[in-house]
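Colleague: I am new to reading protein models. Could we go through this one by question and answer?

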Amino acid sequence: TPGTTGGNCLRLPSCISQPPSTRSPIQTPPPSTRAPTTTVPCDHPVRPTFGPTGLTVSITDTEGVWLRPCPGIPGCYNETRCDGRLTGSQIPPGMYVGNFFGDQRCRIFRDGC
């Protein structure tokens, strides 16, 4: 797992500073079977880090997310919906290009670890 120094819990701080009162809730579209294009902007860019507190990350064979690189924002990623039931040749070419975790797997994040 990338960057596990300092703990096993995933933290997803925002890449954009916003006061909590003006931050809109995270809304993600339903999972797609199409590969994202590199020009898709990030709605809520996050900078993944690992530490002693945060989220537990698990690979899933149901609906989940992967962390897609945000164009033009180095080190930032967007939670992108995916379908963990797709495997091998069912995964569209380029679907997981740049995945923070370095593979072609869907994950779920749960509070606490």
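Colleague: Which side chain meets that of Arg-81 in a salt bridge?

Modeller: Keep in mind that this is a predicted model. Side chains of opposite charge can pair when their charged atoms come close. Here the N to O distance is 2.8 Å, and the limit for a salt bridge is 4 Å. The partner of Arg-81 is Glu-63.

Colleague: How many residues apart in sequence are the parts that this pair ties together?

Modeller: Arg-81 lies in strand E5. Glu-63 lies in strand E4. The pair therefore ties together parts whose separation in sequence is 18 residues.

Colleague: Is Glu-63 buried, partly exposed or exposed?

Modeller: Buried needs under 20% relative accessible area, and exposed needs over 50%. Glu-63 has 37%, so it is partly exposed.

Colleague: Glu-63 and Arg-85 are 22 residues apart in sequence. How far apart are they in space, C-alpha to C-alpha?

Modeller: The sequence separation is 22 residues. In space, C-alpha to C-alpha, Glu-63 and Arg-85 are apart by 7.7 Å.

Colleague: Which residue forms a salt bridge with Arg-85?

Modeller: The closest N and O atoms are 2.9 Å apart.

Colleague: Over which ring does the charged end of Arg-107 sit?

Modeller: Arg-107 has a relative accessible area of 8%, so it is buried. Its charged end is 4.2 Å from the centre of a ring. That ring belongs to Phe-101.

Colleague: Now the aromatic rings. Are Trp-66 and Tyr-96 stacked or edge-to-face?

Modeller: A pair of aromatic rings is described by the distance of the centres and the angle of the planes. The structure holds 4 aromatic pairs. In this one the centres are 5.2 Å apart and the planes are at 65 degrees. Over 60 degrees counts as edge-to-face, so the pair is edge-to-face.

Colleague: How many residues apart in sequence are the parts tied together by Trp-66 and Tyr-96?

Modeller: Trp-66 lies in strand E4. Tyr-96 lies in the loop between strand E5 and strand E6. Trp-66 is buried at 1% relative accessibility, and Tyr-96 is buried with a relative accessible area of 8%. The pair ties together parts whose separation is 30 residues.

Colleague: What is the angle between the planes of Tyr-77 and Phe-100?

Modeller: These two rings form an aromatic pair, 5.3 Å centre to centre. Tyr-77 lies in strand E5 and Phe-100 in the loop between E5 and E6, so the pair ties together parts 23 residues apart in sequence. Both Tyr-77 and Phe-100 are buried. The pair is edge-to-face, with an angle of 75 degrees.

Colleague: Which residues form one aromatic cluster?

Modeller: Tyr-77 and Phe-100 are an aromatic pair. They belong to a cluster made up of Phe-50, Tyr-77, Phe-100 and Phe-101.

Colleague: How many residues does the largest nonpolar core have?

Modeller: Its members include Phe-50, Tyr-77, Phe-100, Phe-101 and Phe-109. Leaving aside neighbours within four places in sequence, Phe-109 is in contact with residues including Leu-10, Leu-12 and Val-65. Another core, of 6 residues, lies apart and has Trp-66 and Tyr-96 among its members. For the largest core, the number is 11.

Colleague: Which residue's backbone oxygen does the side chain of Asn-99 reach?

Modeller: Asn-99 is found in the loop between E5 and E6. Its relative accessible area is 6%, so Asn-99 is buried. Its side chain reaches the backbone oxygen at 2.9 Å, and that oxygen belongs to Asp-103.

Colleague: Last one. How many helices and strands does the protein chain have?

Modeller: Along the sequence the pattern is β-β-β-β-β-β. Of the 113 residues in the chain, 33% are buried. The secondary structure comes to 0 helices and 6 strands.

Definitions and conventions:
Residues are numbered from 1 along each chain as its sequence is written. This is a predicted model: local features need pLDDT of at least 70, side-chain atom pairs count only at pLDDT 80 or more; totals for chains, interfaces and linings use all residues. Side-chain values use heavy atoms; hydrogens and water are left out. Rings of Phe, Tyr and Trp (its six-membered ring) pair if their centres lie within 6.5 Å; planes under 30 degrees apart count as stacked, over 60 as edge-to-face and the rest as tilted. Helices (H or I, at least four residues) and strands (E, at least two) are DSSP runs, numbered from the N terminus. Buried means under 20% relative accessible area, exposed over 50%, partly exposed in between (1.4 Å probe, protein chains only). A charge sits over a ring if NZ of Lys or CZ of Arg is within 6 Å of the ring centre and within 35 degrees of the ring normal. A polar contact is a pair of N or O atoms within 3.5 Å; within protein, one must be able to donate a hydrogen and the other to accept it, and residues adjacent in sequence count only if both atoms are side-chain atoms. A nonpolar core is a set of buried Ala, Val, Leu, Ile, Met, Phe, Trp, Tyr and Cys residues joined through side-chain atoms within 4.5 Å. Contact means heavy atoms within 4.5 Å.
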